[in-house]
Amino acid sequence: MRHDHREINRRNFLGIGLGGVLTAVTGLNPAAAGVAPVSANARAKRVLVLFEQGGVSQIDTWDPKPEAPVEHRSPFKQIGTAADGMYFTELLSRTAKVANHLTVVRCMTQPTPGIGNSHPLGSQYIYSGEAPGGPVELPDMSSIIAARMGTLAPYLPSNILVPGTDEQAGASRIGFLPPGFAVFKTGGSPADPGWRVPNLGLAAGIDERRFKDRHDLLNSLDVGYLGAAHARDADAMHALMEQAADMLTNPQTRRAFDLSTETAATKERYGLGHRGQCYLLARKLIESGVRAVTVDVREPMNSYRDGRPISYSGGSNMNWDHHDAIYSTSHTNIPNGGPGAGRFGIGTWPMMGSTDQAFSALIEDMHQRGLLADTLVCFVTEFGRTPRVNDRQGRDHWTSAFSFAFAGAGVPGGQVVGATDRDGGYITSSNAYTIEDYAATVYEKLGIDRSIPLQTPIGKPSYLASKGKPIPELFA
Amino acid sequence: MKLNAFAFVLSMGLASSLAAPVLASGTTAAIADKIEVYPQTVALRSKRDCRQVVVTGYFHGLPRDLTRTAVFSNRPRDLVTIDNGMMRAAANGTEHIRITASGRTIDLPVSVSGVQDPDPVSFKFETLPVLTRQGCSTGSCHGAPHGKGGFVLSLFGYNPQMDRVSLTRDGLTRRVDLMQPADSLIIKKPMLELPHVGGKRLHRQDEGYRVLFNWISEGAYAELPATECSSIEVYPKGEQRLGPDAATRQISVLAHYSNGQIRDVTRICAFDTSSASAATVDSLGYVTGHSRGQTAISVRYLDKLLSVHFTMTEPTPGFKWNEPRPTNDIDRLVNEKLQQLQYLPSPVCSDSEFVRRVYLDLTGLLPSADQTRDFLADNSPDKRVRVVDKLLNSEEYARFWALKRADLMRVTPNRLKEGRAELYSDWIVDSIRQNMPYDRFARSLVTASGDTKKSPAACYFVAIPTQEERTEMTAEIFMGSRVECARCHNHPFENWTMRDYYSIGAVFARTQADDKMVRLASTGEATNPTTGEVMAPFGVQKGVKLGDGDDRRVTFADWLVQPSNPYFARVAVNRIWASLMGRGIVEPIDDFRSSNPPSNGPLLDHLATEFIHSGYDCKALIQYICSSKTYQRSAGTNASNRMEDQLFSHARVRMLTAEQLKDAVGQVTHTLPSPTVARHRYATEASFPENSTFTQTFGQPERTSSCACERQTAPTLLQALELLNGGTLYTMAGQSTGYYFNLPDDKLVEDLYLAALSRKPTEKEASIARGFLKRSVNRNSEITDLVWSLLNTREFIFQH
């Protein structure tokens, strides 16, 4: 009965993608923890999560319900797709053409609805893959993946959130992991021609030449001091500064974030708005070797369309939380106010219009580049929306049934998993899957051994997606 | 709990016997000065009764285990069987067994009775401990909240009722097979006769196999008697020494029960080591030392846990102790440990190192260039003591040390509204400014009531509104104990039980707080959720009954701050020591438990004793530590102590904290006005964390936890990026030209070095810096770049 984890926990962690150095120090990667035999299920080297936050209406997108009572029926028609027997609504008409790469899971559910039925907790649920509120809350899945798997590209952070704003401050968390594994947020909007990643592009006024001058001067003055040569943290900081300096000047780092290296046709294919360019940046980062990329778009009111600035008047909080006027052709603000104010109707360009374009472009593009072979792509949301339209012409939160879509890394194409009733409100299939099952799927695809626990600072073993099982239909 | 708490004191007291620096010598063939046998008589009273006998030889006064080489003779009647010193009953009778080892003999009276009577296996006292010993009920196996593979056991058997059902009823009752005991799943799986994810955990020759097999054969009788295990007794006790010639020791474990019975449980308890590189322990309780170091060998039986501390020494070729006279008892005790483990300490640091270190430690700020110049120019022999005195009486000291305390007590406007965070923070600052005795500080907090604006200490309860948080925070801050495990199950590495947890909860069960007021209610209890038992408040003497009008917190505070409390003073001095030395004597500083031993027990005891005698005077303790050579050692290492980082043989190199770094950059760039003008602009002096991107990146806690570990101290890539390319440093370096622009280059470079590194530049550094400034392309950017470069050196970013 040896408690090796306590030994490991006493070590200081370094954090973030230092490749070999990192993994040797943290003891968090499988090599240090005793690796399980690589499972045939481990088809993914990387994972890309498209988190469309706010609760995307399942019946207006992946799970059309043409037989629903007319007063509650979606106005968007059911359409066929490239895959036999697979139907979406017309809001996904471009995605329908790439359906042969997708498995749509229509039987997602939150088993304990009270837990994740709010946006902050629901978002944390998606980020961590576990219902919030336990005695020890798990860190973000992306941080765990970074900690367990290390990096494919040492000159880049191993887990990145696109774009990442203050809004995720509560939901995205590093928890008990060392801070180096905190997700790296790109910030801003990649659709903005002047957009740069803070602290990754050289600061304004510092060109490369001046940076090199400074760095040379620093190197000649940073001679260390008595004892520093043997001080572990000082050594670690020195190595990290070298890595950071490399990131700041390494053309590969900049190239990974530089959308100007993409052709105009590619950019247009994704859509020249905030969402499209976020999706495109995510593909670039995956292609550059980033282990875990999460896109959490949250279209800003002052955004971009067709490459030009646009202000979505009345759209102050443009997520998918369509409590009011879900089918509005502009903003959802109703007289006397409602809980869903500040959104834009689900059928508008900044919502499903740009989503359909960006997602279909992403799947097509990743397939053409061969990235789908070893990248798991997940299109997720924290819950669905009510099958009934409320008296404000909106749909409220619905945790009983909602839809996720998956592609890549061995996920079968053209497959629908699970089914809901005539209204799209309750699961009628014998299978139903939870967000924990989704998390277990991601870990399983990446070959992360869930039987090896994480260790909290007090030495408590904490298992990954312990209440979940990989969704079997995604491993066919 | 209390009993073991005193055992803890006892073991610490015995620690001083380790002072002798001599190492064992001689070979195993040598004749021992004497041998000892433990116990001195053996009385076995039933068929399966057993007793671990330990034979120890003394060579030049040092003990060596001889249990496994001893010869047991003069046994005409074969009353017992003996393997590795374990005696088991075989036949009734008495005899004197002769033990011969290392040329000495000793007689052991042995009596055996009752072998003719049935002696069934006890589910509660044998089966469950065996499941812990074999690893079945650990947190990573079936003891996990949802078990493993559908088989759930309570963690380390804390819930026997649940385990009884799980073993004898669940799993289609296949876990035990009364007809064919060997076919039981709990035997076949760990024997790997069936696939078992947990691997091979049981062998036929194990005592565990015998216990499980017999228990099932006898009908898997799962009676749960009211009797409890009241304590365990471990031999040998206290601090033990191992060396190359005496690297092994046998441990013997007795369990005492509430009905007066005593049982040898050496073969059914679980052993563990805190440092396998120093010494390991096998399943028979046999300890083997490996390489230089210290370890706690912990012994677990049911919810009882005790540790024996072993120090393994190894002679280092050519080691010669060269340390000059100690300044005070701190140095003496540190040196004794260093000498014993053969590490040479580093010399006392230079004035430059000292002045930077002591300013950062006591005020959080760097000394200014002028303060450093004055200190370096001062030739009086007592200048180090005087500067410590001066700093201890500064406002910066009060605020910086208040920040450390406030970090743990969740002083943030998120929790304390309408100016209460400021009032509470001011109260803490004032308590440090006035040097309020630490026992009074603790008592003021845990017994505070009233209007939180008039009695800011009562914010203690507003910041942590739930009974659980109050229990955990109070235990962590003042007892250095992480009791949160015991909320749901007995603590896996310590004696904290659920009963203890809810007893502390009972202390606070009647304290009601809203934003404005903290009131005492006349009702309110804490209930152990597993048993439904309503708990008596922790700290109440046995037999004493509190009335409904009595403040339970006062009784608890009496218990907490009494000098005999094994935690309070030790935890306090350990925190202060860690602030000054960069590492606690117990580390982590809030994880006191017998299985996590102090790296220097006598030193911790000494500091605690001094602290108590001084009337819990924090300033006096800081002055005492700062005047030691130990505090003043250089960060430079020698070949002997290079890898040593627990025994304080050299100063510890550590990164400035977020607040120190932010203010240091402000000081060096002259972008911060003097503290007396604008104290609120100093991160080290603020009432609560600014939590800017910069300070968060460097690990400033948000004050959501009472664990000192909330402050992250490990370097990260984001920090490196922030330093090399972040806006804060860049902007402040740019603004530094306002101060440095008109200085002549010589003075500029010297001022900058003194401000940033508290030393003058070397000739070479000065010439590089002057050369850079002389390029005269753009003096503003040259100064900016020079300042920026110096702020990015490790010598600046780290304290040393």
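**Briefing: helix packing, chain contact and a covered helix**

In helix 17 of chain B, A569(B), R570(B), A572(B), V573(B), N574(B) and W577(B) meet L604(B), L607(B), A608(B), F611(B) and I612(B) of helix 18 of chain B. Contact here requires C-beta atoms, placed from the backbone, within 7 Å; helices (H or I, at least four residues) are DSSP runs numbered from the N terminus. The model is predicted: local features need pLDDT of at least 70 and side-chain atom pairs pLDDT 80 or more, while totals for chains, interfaces and linings use all residues. Residues are numbered from 1 along each chain as its sequence is written, and chains are lettered from A and ligands numbered from 1 in the order in which they are written.

**Helices 17 and 18 of chain B**
- Helix 17 (residues 568-581) and helix 18 (residues 601-613) of chain B pack at about 105°, with axes 9 Å apart; axes are lines fitted to C-alpha atoms over the stretch in contact, and angles run from 0 to 180 degrees between N-to-C directions.
- Helix 17 of chain B and helix 18 of chain B are therefore roughly perpendicular (65 to 115 degrees).

**Contact between chains A and B**
- Chain A contributes 46 residues to the contact and chain B contributes 50 residues.
- On the side of chain A that touches chain B, helix 9 of chain A supplies the largest share, 11 residues.

**Helix 6 of chain A**
- Eight of the 10 residues in helix 6 (residues 119-128) of chain A are buried (20 or more other C-beta atoms within 10 Å of a residue's own, all placed from the backbone).
- Among the buried residues are H119(A), Y125(A) and I126(A).

Terms used:
Two residues are in contact if their C-beta atoms, placed from the backbone, lie within 7 Å. Helices (H or I, at least four residues) and strands (E, at least two) are DSSP runs, numbered from the N terminus. A residue is buried if 20 or more other C-beta atoms lie within 10 Å of its own, exposed if 12 or fewer, and partly exposed in between; C-beta atoms are placed from the backbone. Angles under 35 degrees count as roughly parallel, over 145 as roughly antiparallel, 65 to 115 as roughly perpendicular and the rest as oblique.
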